[in-house]
Amino acid sequence: MATGNVQDFACFTDYAEKLVCHWKVPAQTNCSKEFLLCYRVGIPSQHNVCIPENGKESSTCTCTIYPAFFVLGLTYILTLQFNGTNTGNYSVTPALVVKPRAPKNLAIEKAENGNYNLSWEESYSLSSMLSGQPVIYEVKYWSKQDPTEVSRKSINYRTKSFEIIASSLRKGYDYIVSIRCNYTDYPAYWSDWSEAIEFHYDYQVTTEDVLQMVVPVSCVLIMAVAVICYFSFTKYVLHCS
């Protein structure tokens, strides 16, 4: 296997627990037997090793490093080996490749005004480097009956809630909603989408809806009665003549 067959080597971190590196390889590659990822922090320092695993996709190798700590300016020196031979040297600064954890504990409740209030929690503890940092959230929701029609909304970092307006929903439809985030001081990656939750738009008929239905029907009935009366009167006049 030539060096050039290792493609798209890249790393990302949740900036709390792990640094994940991955790269593409030919199909049927046994990552744990053929590759080894050596790493050290700064120069000089002790070398450590990470044994990669095959990723979810058969053509990807993944290696997960669990650092003892995260600080700004920390840089990892990485050497990728294939069957004992160096096949690539890389340097990675975790602060520049942050892929945050997705928001958690999504919940949704119907408000008195008929709209739906979505709430969630940040996935980082107060001691984390990302806790309290400026963050942008993105909400997406779609109906199970028409999954191609997706609504997306961006949200200011100062809130952990979002109101889904009932007028944007279809009557009686089931909806799925999910959310992701991006920390503005560490903008390299958006998080994955959170676990989705579902809700049903249990639409209730309002007085306004009743009027919207009754008024047109009443107009049609009045016109029909008027037409019938006109023709009846005309027939009566002609008969009397």
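I call two cysteines a disulfide when their sulfur atoms lie within 2.5 Å of each other. Please keep in mind that this is a predicted model. By that cut-off, Cys50 and Cys63 are joined, with 2.1 Å from S to S. The torsion about their S-S bond is -125°, a left-handed link.

How many disulfides does the rule give in total? The count is three.

Another one joins Cys11 to Cys21, again with 2.1 Å between the sulfurs. Here the torsion about the S-S bond is about 105°, so the disulfide is right-handed. Cys11 sits in strand S1, residues 7–13, and Cys21 in strand S2, residues 19–24, so the parts tied together are 10 residues apart in sequence. Cys11 and Cys21 are both buried.

The remaining pair to go through is Cys31 with Cys61, at 2.0 Å from S to S. The link of Cys31 and Cys61 is left-handed, with -85° about the S-S bond. This pair connects distant parts of the chain, 30 residues apart: Cys31 is in helix H1, residues 31–34, while Cys61 is in strand S6, residues 60–65. Cys31 is buried, as is Cys61.

If you number the bonded cysteines along the chain, the pattern reads 1-2, 3-5, 4-6. Cys38 takes no part in a disulfide; the nearest cysteine sulfur belongs to Cys63 and is 9.5 Å away. Is Cys38 buried or exposed? Its relative accessible area is 11%, so Cys38 counts as buried. Cys181 is buried too, at 2% relative accessibility.

At the S8 end, strand S7, residues 76–82, pairs with S8 in the antiparallel sense over seven bridges. To find your place in the view, look for Ile77, which stands opposite Ser91 in S8.

That is what I have; comments are welcome.

Methods. Residues are numbered from 1 along each chain as its sequence is written. This is a predicted model: local features need pLDDT of at least 70, side-chain atom pairs count only at pLDDT 80 or more; totals for chains, interfaces and linings use all residues. Side-chain values use heavy atoms; hydrogens and water are left out. Two strands pair if DSSP finds at least two bridges between them. Helices (H or I, at least four residues) and strands (E, at least two) are DSSP runs, numbered from the N terminus. Buried means under 20% relative accessible area, exposed over 50%, partly exposed in between (1.4 Å probe, protein chains only).
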